[in-house]
Amino acid sequence: MRSMTWACLSAAVLLAAAGTVALHADTPLTAADYAKDLPRMLDAYKHVEAASVSDAEEQILHEKHYMSHTERAIFPAKFAGVALTVLLKKEENKDPNALSGMLEAIDSGGPGSVYVMKVEDGADIAGMGGLMGTAMFNRGFTGAVVDGGVRDIPQLTKIGFPVFATGPVPSTSVGHYRFGGKNIPLDVAGTHVEANDIIVADQDGVVVVPRSHAAEILVKAQQLDFSEHSMYPYIEKFHSIVEAVKQFGRI
């Protein structure tokens, strides 16, 4: 009898604990929660829309931090991660080591990194291709953003490594460019990027989130996402976007 009572008590405790965990899981996280847990913050950013992140930045910072429409995905993709910035400076050369730093930068990154490259005057120059993409993929990078061209699309598509760039181009940077620095501030496709900023990308484009404001921007973006997604069934039911905006205050 005693063993049965103890078993029942243990089961009750486990059920209560499970209920507590479930309750905690349903409790919205705060900016403070995200600020002290980068992996959790990055995972949450992967589940919000880039458009909501952009709107949140305008509402909180009164600034625009999205990249130009010239940055396009080579295939539909969504990712979020921490910026590892690289600059290629335009310079004709015969130096076999001119781009060594670009490759070393890849080997310095890891899970959660986003390779953000500026190629000076590089719309028709491939800043990266299949070899670099394969290296990033196997080091756990979440994606790449190139203010310049990209090549070896079949390989990048085969391994499923997402890249945003100005477009596909068969050219090379070898002999035409020199490594200009890693993890330095860059102006990329119309916005400013610092090393360790958060990069959020989906089919709407690429948004840069200043690291110092990343947690509060995330919480606001989640709120905007929730409002918008709640509006879809409301509009479908009542056939009125005007009433939906009145109800949810979002457009």
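**Close-up 1. The side chains of serine 52 and aspartate 225 are joined by a polar contact of 2.5 Å.** In this predicted model, serine 52 has its place in helix 4, which spans residues 50-61. Serine 52 counts as buried because its relative accessibility is 0%, below the 20% limit used for that term.

**Close-up 2. Phenylalanine 79 and phenylalanine 164 form an edge-to-face aromatic pair.** Their rings lie 5.9 Å apart, centre to centre, with 75 degrees between the planes, and a search of the whole structure finds one aromatic pair. Because phenylalanine 79 belongs to strand 2 and phenylalanine 164 to strand 7, the pair ties together parts that are 85 residues apart in sequence.

**Close-up 3. The largest nonpolar core has 24 residues.** Tyr115, Met117, Met128, Met132, Met136, Phe161 and Val163 are the residues that touch the most other members. Among the elements that give two or more residues to this core are strand 2 (79-90), helix 5 (100-108), strand 3 (113-119) and helix 6 (130-139). Apart from this core lies another, of 23 residues, including Tyr45, Ala50, Val53 and Ala221.

**Close-up 4. Valine 163 is shown with its contacts beyond four places in sequence.** These contacts are Arg72, Ala73, Ile74, Met128, Ala144, Val146, Val150 and Leu156.

**Close-up 5. Helix 3, residues 38-45, holds the buried residues Met41, Leu42, Ala44 and Tyr45.** These residues lie on the same side of helix 3, because they cover an arc of only 160 degrees around the axis.

Notes:
Residues numbered from 1 in each chain as written. Predicted model: local features only at pLDDT ≥ 70, side-chain atom pairs only at ≥ 80, totals over all residues. Heavy atoms only, no water. Core = buried A, V, L, I, M, F, W, Y, C linked by side-chain atoms within 4.5 Å. Buried < 20%, exposed > 50% of the residue type's maximum accessible area, 1.4 Å probe, protein only. Helix = DSSP H or I, 4+ residues; strand = E, 2+ residues; numbered from the N terminus. Contact = heavy atoms within 4.5 Å. Arc of directions from axis to C-beta. Polar contact = N/O pair within 3.5 Å; in protein donor to acceptor, adjacent residues only side chain to side chain. Phe/Tyr/Trp six-rings, centres within 6.5 Å; stacked < 30°, edge-to-face > 60°.
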